[in-house]
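Open the model in your viewer and show the side chains. This tour goes from one aromatic site to the next.

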Amino acid sequence: MRGGREAARARVLQFTNCRLLRGGSLLREDLWVRDGRILDPEKLFFDERRLADQQLDCGGCILAPGFIDVQINGGFGVDFSQVTEDVGSGVALVAQKILSHGVTSFCPTLVTSPPEVYHKVLPQIPVKKGGPHGAGVLGVHLEGPFISQQKRGAHPEAHLRSFEANAFQDVLATYGSLDNVCILTLAPEMGRSHEVIRELTARDIRVSLGHSVADLRTAEDAVQSGAAFITHLFNAMLPFHHRDPGIVGLLTSDRVPPGRCIFYGMIADGIHTNPAALRIAHRAHPQGLVLVTDAIPALGLGDGRHTLGQQVVEVASLSAYVAGTKTLCGSIAPMDVCVRNFLQATGCSVESALEAASLHPAQLLGLEKHKGTLDFGADADFVVLDDALHVQATYISGEMVWQAKAAGQ
């Protein structure tokens with residue numbers, strides 16, 4: 001961003017004839033943008049005596065904050081958990097392709113892998129601003145290998161790990177540098193996990209609970225230690241039971257510290273979670289729901305055999321399984337499809353569906369002042385949608401980076 005007088009001289013864009021998602025409501029207001037950020041038009045007019053340099057008619061469309069995907073394993077033939085000569089080019093390809101689905105920021109996700117994979121891949125996925133080249137990288141999500149053998153799902157058993165005597169040093173030895181990491185999924189029932197949770201939280205890394213057989217008390221203790229997220233709720237955890245609801249019980253727990261919000265990921269691809277379960281979770285704790293794709297490298301490709309880290313995956317119709325099994329292993333639904341599925345399944349408001357893919361993930365990561373919002377001063381990352389929530393255009397820092405008409409859609 002430019003500062004001072006240079007920023008004040010930058011062109012002012014006024015997006016008109018639109019409905020803005022702001023403050024939980026769709027408002028018939030214009031969106032004003034300058035130098036990549038959202039402007040307060042009153043200050044512009046009264047303090048600077050300026051009007052827009054250019055007006056853009058949005059045709060009555062919805063303008064919502066850009067979608068943020070905090071769990072995406074790859075896509076379009078790119079596997080983030082595979083060592084290649086140029087990991088960065090694969091991340092860049094996915095970043096460019098997901099623009100058409102309204103995603104302006106994401107967290108590349110690595111599934112359980114050998115230490116040498118982490119050591120080679122993680123340094124090659126730095127935090128990066130979005131732009132015409134693609135969606136921004138907010139940091140890596142590490143899902144495993146410190147997870148339950150019983151609830152490993154598609155994670156390869158041979159590479160699972162537990163915490164040794166010097167727990168956090170074992171974490172560092174496994175992953176190498178954590179500089180590019182923003183979320184880490186672990187099973188809280190593992191010995192010494194609370195020590196690890198506290199260390200990670202102190203480094204501003206969000207700890208997520210998942211692939212776990214933890215009971216509710218163990219999950220609550222993990223939250224007390226700093227855990228803030230639940231990885232793909234209902235999947236790869238103990239089922240809800242009325243005498244011990246397990247991790248699911250965190251949605252209504254009275255042991256969550258005051259002022260804290262527990263966020264939880266939901267895969268609304270129509271396969272991982274029954275619509276009734278989506279409705280139960282949303283009605284119990286709507287403000288914590290974060291839509292994730294959990295997309296695998298087969299996203300955007302057809303049926304057949306693909307990879308997910310160390311595993312071979314078979315895709316048929318809309319489902320992906322570990323080859324030769326009935327174990328689900330991620331999704332092939334992009335974020336805009338998940339938003340529409342979620343809206344239809346829950347009967348929630350359009351505003352709620354859009355915030356689950358934008359504001360809530362931003363809040364989880366502590367980025368709500370800049371991302372996931374159209375408030376004044378925020379980054380001008382937004383998506384233009386028709387009434388059926390189909391993406392018409394995607395903007396990053398106030399610049400159009402994808403348009404349906406230009407793509408022939």
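Select Tyr 118, Phe 146, Phe 163 and Tyr 175. Ring pairs join these four residues into a cluster. Keep in mind that this is a predicted model.

Now widen the view to aromatic rings in general. How many aromatic pairs does the structure hold? There are eight.

Go next to Phe 15 and Phe 382. Their ring centres are 5.1 Å apart. The planes meet at 80°, over the 60 degrees required, so the pair is edge-to-face. Colour the chain by position and trace the two partners. Phe 15 belongs to strand S1 (residues 12-16), and Phe 382 to strand S22 (residues 382-385).

Move to Phe 45 and Phe 46. They form another aromatic pair, again edge-to-face. The centres lie 5.1 Å apart, with 80° between the planes. Check the surface again. Phe 45 is partly exposed, at a relative accessible area of 37%. Phe 46 reaches 52% relative accessibility; that is over 50%, so Phe 46 counts as exposed.

For the last stop, select Tyr 321 and Lys 326. What sits over the ring of Tyr 321? It is the charged end of Lys 326, 5.1 Å from the ring centre.

Definitions and conventions:
Residues numbered from 1 in each chain as written. Predicted model: local features only at pLDDT ≥ 70, side-chain atom pairs only at ≥ 80, totals over all residues. Heavy atoms only, no water. Phe/Tyr/Trp six-rings, centres within 6.5 Å; stacked < 30°, edge-to-face > 60°. Helix = DSSP H or I, 4+ residues; strand = E, 2+ residues; numbered from the N terminus. Buried < 20%, exposed > 50% of the residue type's maximum accessible area, 1.4 Å probe, protein only. Lys NZ or Arg CZ within 6 Å of the ring centre and 35° of its normal.
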